[in-house]
Amino acid sequence: MSLTEIAFYFLSFLAIFSGLAVILSRNPVHSVLYLIVTFFSIAGHYFLMNAQFLAAVHIIVYAGAIMVLFLYVIMMLNLNEEQEEKTKSWVKIAAVVSSCSIMLILVSLISKSTIVMGKAPMADDAGLVQNLGKVLYKDYLLPFELASVLFLAAMVGAVYLSKKETSKS
Amino acid sequence: MEILPNITIQHYLWLSTALFALGVFGVLLRRNAILMFMCIELMLNAVNIALVAFSKVHGDTSGQVFVFFIMVVAAAEVAVGLAILMMLYRNLHTTDTDALNNLKG
């Protein structure tokens, strides 16, 4: 077994087990911390696939921004184990059955299908910011600008929603 | 079809499938809205892994650019979604989605 293989399997098991821990842990703060572990292992996968810039952005955006936001909200709402949700047993069974069937469908689809190879293998430096920037600003300029509009709308929406109502109607 | 030595695209797709199914499982199982959001993030990241693996196989950086856009949408979604959750908590004093039954006949 080569080093990259070991790294792949280690990161995969880490991602899956910490993903399971996110769902099954009772304390929301623990869930957030396990989700951060999952995100770090996914960033490791990006490194293995030569997407270096993507890995860095993934850590900054997810572990740095989104999960901090989650932690803030959980601590602001003061959620802990005492306010435990009661999931009905038929909901539990339905969740297991439907997620297993989705997994079964996707796995059978993947194992049956043949994947067409590309013309040329990817260059080792294709994931660097220099090359990604060229693609982003040449071929995907309009989606990029639309993404900035989406961010503006999201910012306005978040500020408006979390504002305290001053006048009661 | 090998991405890494002895690791094919299928391995990455199976990993992606497992994470996606975990996300679906979490959204269906947990009743806490914040946990449901986190499971949605897990599903989005599963798709991102598949996109990066395909971009590696096809030698095309477009897949990585798509991952950027998914991250943008995820960040916007979390910002608005958590604001909605704060509103919900302010009005109902819970984040349990079973409490949102006002439209039930």
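Author: Of the 169 residues of chain A, 23% count as buried, meaning that 20 or more other C-beta atoms, placed from the backbone, lie within 10 Å of a residue's own. Bear in mind that this is a predicted model, where local features need pLDDT of at least 70, side-chain atom pairs count only at pLDDT 80 or more, and totals for chains, interfaces and linings use all residues. Residues are numbered from 1 along each chain as its sequence is written, while chains are lettered from A and ligands numbered from 1 in the order in which they are written.

Now for the build. Chain A has 6 helices and 0 strands; helices are DSSP runs of H or I with at least four residues, strands are runs of E with at least two, and both are numbered from the N terminus. The radius of gyration of chain A, taken over C-alpha atoms, is 21 Å, well over the 15 Å from the globule rule for 169 residues, so chain A is more spread out than a compact globule. That rule is 2.2 Å times the number of residues to the power 0.38. Along its principal axes, the C-alpha trace of chain A spans about 60 × 40 × 30 Å.

Next come the contacts, which are pairs of residues whose C-beta atoms, placed from the backbone, lie within 7 Å. Among those in chain A between residues at least 6 apart in sequence, 57% join residues at least 24 apart.

And the partner? In all, 70 residues of chain A are in contact with 62 residues of chain B. On the chain B side, α3(B) gives the most, with 20 residues.

How values were computed
Buried ≥ 20, exposed ≤ 12 C-beta atoms within 10 Å, placed from the backbone. Contact = placed C-beta atoms within 7 Å.
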